[in-house]
Structure formats: structure tokens, C-alpha cells
Number of protein chains: 2
Amino acid sequence: MTKAKRLERVVALALELVSRPTHLFSFSRFCEKFDVAKSTLSEDVQAIKNGINLFGLGDVETVAGAAGGVRFLPARSAEDDGAFLLTLSERLMEPERVIPGGFLYMSDLLFTPHVVSRLGEIFRQRFADSRPDYILTVETKGIPLALMTARAFDVPLVTARRGSRVTEGSSVSINYVTGSAKRIETMSLPRRALPAGARVLIIDDFMKAGGSAKGLCDLASEVGAKVVGTGVLITTSEPAGKMLEDYLALLVLEAVDEQKRLTRIHPLVRNE
Amino acid sequence: MTKAKRLERVVALALELVSRPTHLFSFSRFCEKFDVAKSTLSEDVQAIKNGINLFGLGDVETVAGAAGGVRFLPARSAEDDGAFLLTLSERLMEPERVIPGGFLYMSDLLFTPHVVSRLGEIFRQRFADSRPDYILTVETKGIPLALMTARAFDVPLVTARRGSRVTEGSSVSINYVTGSAKRIETMSLPRRALPAGARVLIIDDFMKAGGSAKGLCDLASEVGAKVVGTGVLITTSEPAGKMLEDYLALLVLEAVDEQKRLTRIHPLVRNE
């Protein structure tokens with residue numbers, strides 16, 4: 001390969017960093033790949049950091065030492081995030097989303113990659129201090145959101161199954177109360193999915209009474225993992241008292257009027 | 001904002017393109033955002049294309065005209081993809097993955113973002129000519145793989161539910177035969193999820209007899225959508241005859257010996 005010009009090399013380096021957010025890439029690996037000395041690489045990294053900072057796209061962090069390296073941390077401005085969440089609220093209030101029973105149809109948005117990708121980056125920023133080793137969710141609709149949060153943190157996702165028919169080796173199950181129907185249900189996890197002592201961030205799409213999130217907490221405790229936070233895309237204003245106290249929601253659903261097809265939903269002001 | 005230097009601007013532009021693969025960004029939007037003339041932007045795009053081509057990371061495509069713009073198409077070399085799939089095969093052969101019943105535990109890999117992200121990009125490349133409007137899968141374990149394929153194509157994912165308890169408005173259900181247990185099961189889709197005439201690419205993690213994939217085909221037909229391809233991560237060598245003929249697999253599982261904890265699995269040579 002002919003020696004790359006600086007601009008081409010910086011582009012390729014930026015692409016590698018951005019393709020895997022939060023992952024710590026070793027300097028030596030990049031020096032080898034791009035055939036440059038460490039001093040040159042440091043200058044390239046500084047240029048990437050400047051561009052990313054200047055346009056409010058996040059940050060580039062370098063970690064010194066033998067186990068060190070460089071990583072990209074996606075983070076837009078609070079203003080950009082606010083605008084994104086406002087637009088999402090507006091889409092969720094579209095009249096045709098109201099379905100019989102006063103539910104909201106939102107699978108289209110929850111399964112649109114660039115929407116959940118952005119939400120995952122917002123969760124990463126808001127939970128940055130909690131340093132999770134794993135993201136935990138329960139099937140089905142929360143999986144894309146949780147996966148994109150896991151992507152933003154560069155950690156694996158663990159997905160609990162509803163019911164106890166797990167065919168993935170020995171499993172651990174708990175019973176939980178669904179908030180809406182007040183039914184007792186079961187959720188399960190393969191025992192090997194979550195090691196004891198792991199730091200776990202719970203992510204789900206929707207919280208009403210908080211039964212699912214509480215169930216996920218119990219499941220994590222059952223295997224000796226430590227819950228370091230709970231994030232949901234949407235919480236309902238009623239009931240005000242949830243089954244768990246400490247959670248962070250991005251949007252709040254005030255009311256759905258099935259007759260008039262009117263929904264009230266808005267971003268929650270960042271509580272920190 | 002002070003006017004950015006060229007290098008900083010190119011980095012920010014590359015990041016925007018790479019953050020949303022295959023999405024066509026309009027030139028005028030970028031001209032506005034980066035405060036440059038179209039001629040300058042074209043030079044920047046060319047530099048990004050050069051860097052991405054030179055290091056075998058994909059391509060940058062420009063589309064002329066009023067509805068035109070620029071997009072990033074992720075694609076690694078056949079050699080890189082081959083090495084990635086070989087490493088994945090080796091991990092899947094780890095003895096501790098063999099679980100009672102001769103199943104393979106692979107949820108950890110299927111829920112690791114950077115693994116499924118790479119697989120999604122491989123599927124995008126192999127199905128580039130099929131131009132899907134939607135990716136279709138069935139819950140649960142195939143969702144991350146299908147979501148990352150949807151991300152690579154910049155299209156929404158649609159997820160069928162097992163059973164018929166869909167609470168998302170009117171739905172369409174079909175019965176299908178599970179290949180392994182020869183049971184009749186049901187899968188459902190909200191009627192509004194997939195418009196008639198849509199081009200649909202089916203993605204799933206595992207194919208044995210092909211019952212699930214066949215069911216997804218039937219479900220797509222039921223709403224008048226057109227299946228343009230079927231991709232699975234792993235197919236089994238037995239049974240050789242599947243319930244659908246036309247599919248593409250990345251890996252083939254030859255055998256699992258539960259007693260000896262031996263698995264034989266390898267990449268399929270690209271069949272085109």
C-alpha cells in the first residue's frame with residue numbers, strides 16, 4: 001500500500017473510532033495499521049478531537065499507559081438532544097398511534113435504527129458515571145433501544161425472556177407483578193448470562209407501574225449482579241408512585257384520550 | 001463559531017456520514033451546517049472517499065440532482081470478512097457452549113453490539129442488489145442481528161411476535177411448522193407494520209428446517225409485501241432440504257456432539 005496522505009489517514013482513523021463508540025483502541029494497533037510513529041498518531045488523534053469538539057459531536061479521550069489507547073465518546077449538545085426528544089414526542093402524539101385500549105403504537109419508532117441509535121447515545125451520556133459492564137432488558141420491544149445503549153457503552157446486552165421456557169442451559173427465574181394487569185408473570189435469564197458482581201444498567205422502552213423494571217432488578221440481584229441504574233424511554237405520570245424509586249426517563253406520557261385520539265407526551269427536563 | 005480548519009471539518013463530515021450508513025445526506029444541509037460552498041464540500045467528500053477506499057472500509061457514493069446527496073456504504077474486504085467469520089466460528093466451537101439437548105449457547109455473541117454490527121454490514125453487502133425497504137425478523141434472538149442489518153441499510157426493522165397476543169392494533173397471523181419439534185405455531189404482525197408492495201429482506205439467526213423463515217415469507221405475502229431475500233447467520237447441514245430454497249447463510253453448522261462437547265461449524269464460501 002502506498003503511504004497515505006495525512007487527510008486520508010485521519011479519515012480512516014476517525015471512521016474506526018466512530019464505528020465502535022467507547023471502545024478503547026490501542027495506540028500500537030493503530031500505529032501498525034496506519035504505518036505511522038506514535039507522535040504522528042497523537043497529532044492525528046488531536047485533530048480528530050478538535051473536529052469532533054468543534055461541531056458538538058462528542059469527545060475523544062486518550063488513556064495513557066501500557067493498557068491505554070484512544071476512544072470516541074458520542075455526545076451531542078443538550079440543545080440538540082432536547083430538540084431530538086421534542087421531535088420524537090411530537091411524532092408519538094400523532095392521532096393514528098392511539099389504538100383500542102388506550103395504547104400507543106410505537107413499534108415503528110422503537111425499531112428504526114437511527115432513532116434508537118440516538119437514544120442509546122443519550123442514555124450513555126446520562127449514565128456515563130455509572131460505568132455498566134452489561135445492559136439488561138426484557139424482550140421484546142425494548143431490545144433495539146437496549147442494544148443501541150449497549151453499543152454506545154461498548155458492552156454486551158443481556159435479554160431476559162418472559163416465561164420460563166429458556167432453552168439456554170440452567171436458568172434463573174423470578175416472578176413479578178405486571179403493573180397494568182396486576183398479573184403474576186415470570187421472567188428468566190440463562191444463569192451464565194450475567195456474572196456475579198457485574199455492574200448492570202437496566203434499559204426498557206416503557207414504564208407504567210414499574211413491574212418489569214423491578215423484576216429485572218430482582219433478576220440481577222438473584223445472580224449477584226449490582227444494578228447501577230435504570231433508564232426508560234417513556235414513563236407514565238400515573239401512577240406517580242412506581243415500584244422502584246430510582247430511575248431516569250427521557251419522556252413522560254401524561255394522558256391518552258382514546259375517543260379524541262389525543263395524546264400528551266413531552267420530554268422530561270434533565271434532572272441533574 | 002469560528003470557521004473550522006479543513007481537517008476539522010472533514011473529520012466532522014466523516015463522522016456524520018459514518019454515524020448513519022447508507023443514509024443519503026443532502027449537500028445543501030451539509031453546506032449550511034459546515035458553512036462552505038458546494039465546491040468545497042465536494043472536495044471534502046472526495047478526500048473522505050479516498051481515505052475510506054484506501055483503507056478498505058467501504059465506499060462513499062454521491063448522487064447528483066435535486067434529490068441527490070452523499071452517503072457512506074460500509075464494506076470491508078472479502079478477506080477481512082472471511083477472517084471475521086472464521087474467528088466467530090472458532091468462538092462458536094468453544095466446548096462450554098454445548099448445552100443439554102445438543103443446542104449451542106450463543107446469546108452472548110448474538111447480543112454483543114460490535115459483533116452483530118459487523119454481521120449487519122456483511123449482510124448489507126451481500127444483499128446490496130436486493131434494495132430492501134424493510135428488514136423482517138421474528139422475536140427474540142435474531143433481533144439484534146436484524147436491527148444491525150436494518151441499520152446498515154438505513155431502513156426500519158419489523159419484528160413478528162410469536163403467538164397471536166399482539167396488542168398493537170389489528171394484526172395478521174399465520175401458522176407455521178417449527179422444523180425442530182414439528183409443532184404448529186403462530187406468528188403475528190401488526191397490520192400497519194408492513195405496507196403492501198414493500199420490498200422485504202428476512203434476517204434470522206438460525207435455520208434448521210426453515211420453518212420460521214418460511215413463516216416470515218408467508219406473513220410478508222399475507223400483507224402484500226415482496227420478499228427480496230432471506231439471510232441467516234447459521235444454517236445446519238442437516239436436513240439438507242429446507243422449507244425454502246432461496247436463502248443465504250454465513251456459517252454452516254455440521255454437527256454438535258453433546259457427549260464430547262465437540263461442535264463443527266465453519267464459514268460458507270461466498271456463493272456468488
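These legends go with several close-up views of a predicted model.

**View 1. Chain A as a whole, with its helices and strands.**
Start with the overall picture: chain A carries eight helices and 12 strands. Of the 272 residues in chain A, 43% count as buried. If you look at the contacts in chain A between residues at least 6 apart in sequence, 61% of them join residues at least 24 apart.

**View 2. The two domains of chain A.**
Here chain A is split into domain 1, residues 6-74, and domain 2, residues 78-267. How far apart do the C-alpha centres of domain 1 and domain 2 of chain A lie? The answer is 32 Å. Where the domains of chain A touch, six residues of domain 1 meet seven residues of domain 2. On the domain 1 side of that contact in chain A, two residues are nonpolar, three are polar and one is charged.

**View 3. The open sheet of chain A.**
Zooming in on chain A, you find an open sheet of eight strands with mixed pairing, in the order β7-β8-β6-β5-β9-β10-β11-β12. Its edge strands are β7 (171-177) and β12 (262-267) of chain A, and each pairs on one side only. Going from one strand to the next, the twist averages 25 degrees. For one pairing in detail, take β6 (residues 157-162) and β8 (residues 184-190) of chain A, which pair in the antiparallel sense over two bridges. A:Arg161 has A:Ser188 in β8(A) as its bridge partner.

**View 4. Two helices lying across the strands of chain A.**
Which strands does helix α4 (residues 78-92) of chain A lie across? They are β11 (248-257) and β12 of chain A, and the helix runs at about 170 degrees to β12(A). Helix α8 (residues 211-222) of chain A lies across β5 (134-138), β6, β7, β8, β9 (199-207) and β10 (226-236) of chain A. The angle between α8 and β7(A) is about 150 degrees.

**View 5. Where chain B touches chain A.**
Now for the meeting of the two chains: the contact takes 48 residues from chain B and 48 residues from chain A. On the chain B side, the elements giving two or more residues are α1 (6-19), α3 (38-54), α5 (107-110), α6 (113-126), α7 (143-153) and β6 (157-162) of chain B. Which element supplies the largest share of the side of chain B that touches chain A? That is α1(B), with 10 residues. Sorted by class, this side of chain B has 28 nonpolar, 12 polar and eight charged residues.

**View 6. How the two copies are related.**

**View 7. The open sheet of chain B and its edges.**
In chain B, an open sheet of eight strands runs in the order β7-β8-β6-β5-β9-β10-β11-β12, again with mixed pairing. Why do β7 (171-177) and β12 (262-267) of chain B each have one side without a neighbour in the sheet? Both stand at the edges with a single partner strand, so one side of each is left open in that sense. The twist from one strand to the next averages 25 degrees. Helix α8 (residues 211-222) of chain B packs on this sheet and touches β5 (134-138), β6, β7, β8 (184-190), β9 and β10 of chain B. Its direction makes about 150 degrees with that of β7(B).

**View 8. Strand β9 of chain B and its partners.**
Is β9(B) mostly covered or uncovered? It is mostly covered, with eight of its nine residues buried. Three bridges join β5(B) to β9(B), and these strands run parallel. B:Tyr134 stands opposite B:Val200 in β9(B). Strand β9 (residues 199-207) of chain B is also joined to β10 (residues 226-236) of chain B by eight bridges, again running parallel. Residue pairs here include B:Leu201, whose bridge partner in β10(B) is B:Gly229, and B:Arg199, which stands opposite B:Lys226 in β10(B).

Terms used:
Residues numbered from 1 in each chain as written. Chains lettered and ligands numbered in written order. Predicted model: local features only at pLDDT ≥ 70, side-chain atom pairs only at ≥ 80, totals over all residues. Helix = DSSP H or I, 4+ residues; strand = E, 2+ residues; numbered from the N terminus. Buried ≥ 20, exposed ≤ 12 C-beta atoms within 10 Å, placed from the backbone. Nonpolar A, V, L, I, M, F, W, Y, C, P; charged D, E, K, R; others polar. Pairing = 2+ DSSP bridges. Axes fitted to C-alpha atoms, helices over the stretch in contact; angles between N-to-C directions. Domains from an automatic or database assignment.
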